[in-house]
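Please keep the structure in view while reading.

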Amino acid sequence: MPIPTRLPDAPPDPLANRQRRRLCQVLWLLVGAFTLVVGINLASGAARTAELEGLIASLLLVALPIVRRHFRGAVALTAASLLLGLIVLIAHNQGLYDEAVLAFPALLLFAGMFGSRRMFLGLMAIVLAAIVALFFLHQGGLVVSQPLVPMDWRRPFVIGLILAITGLFVWLIVGDLNATVRQLEEDKEALEQSHAQIEILAQRDSLTNLPNRALAKDRLTYLLQQARRNGGMVAVMFLDLDNFKTINDSLGHSAGDALLCQVADTLRGCVRESDTVARVSGDEFLVLLGELQDEDAIVAAVAKLTHLLGQAFVVEDVDVLVTASLGIAVSPRDGDDPDTLLKHADMAMYRAKDAGRNTFRFFDPSMNESVVEQLHLAAGLRSALGSEQLMLHYQPQLELASGRIVGAEALLRWRHPELGWISPARFIPVAERSGLIHELGAWVLRQACMDAQSWRELGLGELGVAVNVSAVQFRRDGLERHVARALASSGLPAQALELELTESLLMADASHLGNVLQRLSTSGVQIAIDDFGTGYSNLGYLRNFAVDRLKVDQSFVRRMTSNPHDEGLVRAIIEMGHCLGLQVVAEGVEDAQTLARLADFGCERGQGFHWSPALPPQDFIAFVQAHQARA
Ligand SMILES: Nc1nc2c(ncn2[C@@H]2O[C@H](COP(=O)(O)O[C@H]3[C@@H](O)[C@H](n4cnc5c(=O)[nH]c(N)nc54)O[C@@H]3COP(=O)(O)O)[C@@H](O)[C@H]2O)c(=O)[nH]1
């Protein structure tokens with residue numbers, strides 16, 4: 001495409017188009033006016049004047065067709081024709097007595113409307129110079145200027161015509177100015193509307209229309225200022241839905257969105273107008289309560305919230321049960337600025353999650369210290385991975401009827417170079433929170449399968465190995481892959497591997513878990529429910545999942561000989577397990593009396609200090625060999 005050597009005079013915008021249209025109108029008007037005065041002058045015998053006026057009208061006609069392409073050229077031609085024409089007309093007729101002098105202001109208006117500032121000032125200077133020149137020409141007798149006496153009818157007509165054209169120019173300018181102002185106002189309104197829209201987008205969550213984190217923070221700042229003035233407390237609640245990912249994965253994202261909207265409505269319905277419910281990310285909500293007199297009011301609000309959330313939501317015709325973990329920080333006790341309160345509520349929420357979900361926790365200052373400790377532990381754990389600091393110990397599991405060792409539970413041990421032995425009860429939650437559990441869990445699976453296969457190769461018999469699997473490992477895809485790799489690389493038969501899951505996991509991740517367990521079970525891997533009796537004990541879930549064994553929680557087993565209630569509970573669990581076709585393993589067997597009671601109740605397996613604590617691999621092998629030698 002050829003590059004244009006000359007840019008068009010007028011920019012192609014609506015304002016420029018309007019200017020062009022206006023100039024054409026003005027030119028036609030002037031041509032019309034000059035034609036009229038040409039006719040009048042011809043009729044009254046002023047042929048010379050008519051000729052001059054005709055010349056001006058012709059020049060104006062020349063300017064008309066070039067308006068579109070050469071706007072500035074057309075303006076310049078018009079202004080020059082009018083200026084020269086008027087000066088000659090004035091000089092030729094009555095000099096400064098001539099009515100055509102009145103047309104100078106109209107000419108200046110024309111230049112102001114269409115020309116540049118330079119053109120306007122130039123014309124002004126020329127007009128003033130022409131007036132001065134005409135005066136001196138008259139004084140010097142070079143031009144004879146005499147007022148026409150008596151006055152005839154042409155004079156008021158021409159003056160009227162000039163004033164009418166000048167008035168029309170003013171009217172057009174004012175009209176254009178008003179139109180521009182109106183346009184500016186419309187633009188301003190549109191701009192304000194888009195600002196408001198942008199503000200809404202910047203402060204609201206687009207799915208639920210709840211305030212987002214930024215607006216929630218502003219509102220919290222306001223509530224805190226109010227509380228400082230009037231007294232009272234402000235509660236910041238961090239609420240995280242426990243099983244949202246499962247719902248999203250199983251019912252689809254549109255169902256997940258619908259559920260979030262329903263949860264948002266429910267939360268909004270729980271609080272007062274002056275309180276705030278905000279959505280801060282996927283399944284995380286903030287509830288801000290102001291003007292509270294005591295903590296009882298907060299507890300009452302939490303109770304109301306959890307009660308309403310506990311009712312089934314209907315999403316795409318499916319009843320969905322929702323639970324939430326809540327962390328609460330209260331001002332001024334837990335902080336008096338938004339950032340601190342939000343951080344503390346967040347920490348408390350994680351504590352609620354650690355405590356098994358579907359519960360709430362108030363912030364307490366020890367959480368702050370433990371966060372620092374946890375950061376240290378996470379850093380240490382990261383460097384411990386792949387080193388000899390981490391190892392597996394094995395606690396024997398026995399068949400109660402025969403007294404045979406049938407396998408072992410693999411329990412992870414960490415010997416920190418400075419802190420010494422650290423309990424898995426302390427570092428597993430840290431690994432879960434930091435995401436290290438995936439790497440750690442995969443290593444445990446590999447190592448446990450390798451060790452169990454080596455027992456077979458040593459001739460210890462077909463011992464099984466039980467591995468603890470965290471709920472966090474289940475939530476991320478990949479567990480099945482890790483299991484398959486561990487079995488394939490060790491050569492251990494799938495039937496010899498047992499995965500231990502906690503009971504609360506069954507509640508939280510129902511449908512996703514059901515599918516994974518079914519596939520693992522089909523491959524031959526055994527599934528046991530750990531710490532049974534401490535969770536929700538929903539029998540329906542047990543029936544639906546591919547589970548092989550229940551492990552009765554050691555807290556009941558340890559107390560069963562001293563507490564009839566615990567004994568009754570252990571017995572009931574064993575009977576219930578049998579009704580469901582499951583084997584039962586008792587953990588925490590510490591004495592012969594407990595063992596005898598368990599055997600009476602028909603419990604299949606047991607493990608505990610009565611036989612042995614968890615042992616390092618070599619000690620475990622020695623223990624099994626000694627046990628088998630005794631048998
Ligand atoms: N996700 C993973 N969790 C793991 C792994 N390894 C361990 N853990 C979990 O850590 C928790 C604490 O375990 P630990 O300190 O090893 O305690 C175990 C036993 O030593 C203890 N036990 C066994 N017998 C007795 C007994 O007779 N009395 C008594 N007081 N304690 C006893 O119980 C723990 C076994 O618990 P459980 O897993 O519930 O069978 C614990 O929750 C481990 O699960 C890991 O690799 N991954």
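In which sense, parallel or antiparallel, do β1 and strand β6 pair? Strand β1 and strand β6 (residues 324-331) pair in the antiparallel sense over 8 bridges, where strands count as paired if DSSP finds at least two bridges between them, and where helices (H or I, at least four residues) and strands (E, at least two) are DSSP runs numbered from the N terminus. Within this pairing, Leu241 stands opposite Ala324 in β6. Strand β1 also pairs with strand β3 (residues 284-292), again in the antiparallel sense, over 7 bridges, and there Ala235 stands opposite Leu289.

Before going further, two conventions need stating. Residues are numbered from 1 along each chain as its sequence is written. Because the model is predicted, local features need pLDDT of at least 70 and side-chain atom pairs count only at pLDDT 80 or more, while totals for chains, interfaces and linings use all residues.

Strand β1 itself (residues 233-241) is mostly covered, with 9 of its 9 residues buried; a residue is buried if 20 or more other C-beta atoms, placed from the backbone, lie within 10 Å of its own, exposed if 12 or fewer do, and partly exposed in between. The covering extends to both faces of the strand: Met233, Ala235, Met237, Leu239 and Leu241 are buried on one side, and Val234, Val236, Phe238 and Asp240 on the other.

The chain as a whole comes to 23 helices and 16 strands, and of its 631 residues 36% count as buried.

Among the helices, α1 (residues 14-43) has 30 residues and reaches 44 Å from its first C-alpha to its last, close to the 44 Å expected at 1.5 Å a residue, the expected span being 1.5 Å times one less than the number of residues. Its buried residues include Leu23, Val26, Leu27, Leu30, Phe34 and Val37. An α-helix has 3.6 residues a turn, so residues three or four places apart point the same way. The buried residues of α1 pack against α2 (47-66), α3 (71-92), α4 (103-114) and α6 (154-203), and α1 is followed by Gly45, whose phi is positive, near 85°.

Helix α6 has 50 residues and reaches 72 Å, close to the 74 Å expected. The number of its residues that are buried is 4, so α6 lies largely in the open. Those buried residues are Val158, Ile162, Ile165 and Phe169, and what covers them includes α1 and α4. An unreviewed UniProt entry lists residues 174-204 as a "coiled-coil region"; UniProt positions follow the numbering used here, feature names are shortened, and annotations may be inferred rather than shown by experiment. In the model, that span is 97% helix and 0% strand, with its end C-alpha atoms 44 Å apart.

Turning to the ligand, 23 residues surround it, and the closest are Leu411, Leu412, Pro424, Asn468 and Gly608, a residue being near if its C-beta atom, placed from the backbone, lies within 6 Å. The elements that give two or more residues to this shell are β9 (405-416), α13 (424-434) and β13 (526-532).

Finally, Phe474 lies in helix α15 (residues 471-475) and is buried, with 21 other C-beta atoms within 10 Å. Phe474 and His512 are 38 residues apart in sequence and 8.8 Å apart in space, C-alpha to C-alpha.

Definitions and conventions
Contact = placed C-beta atoms within 7 Å.
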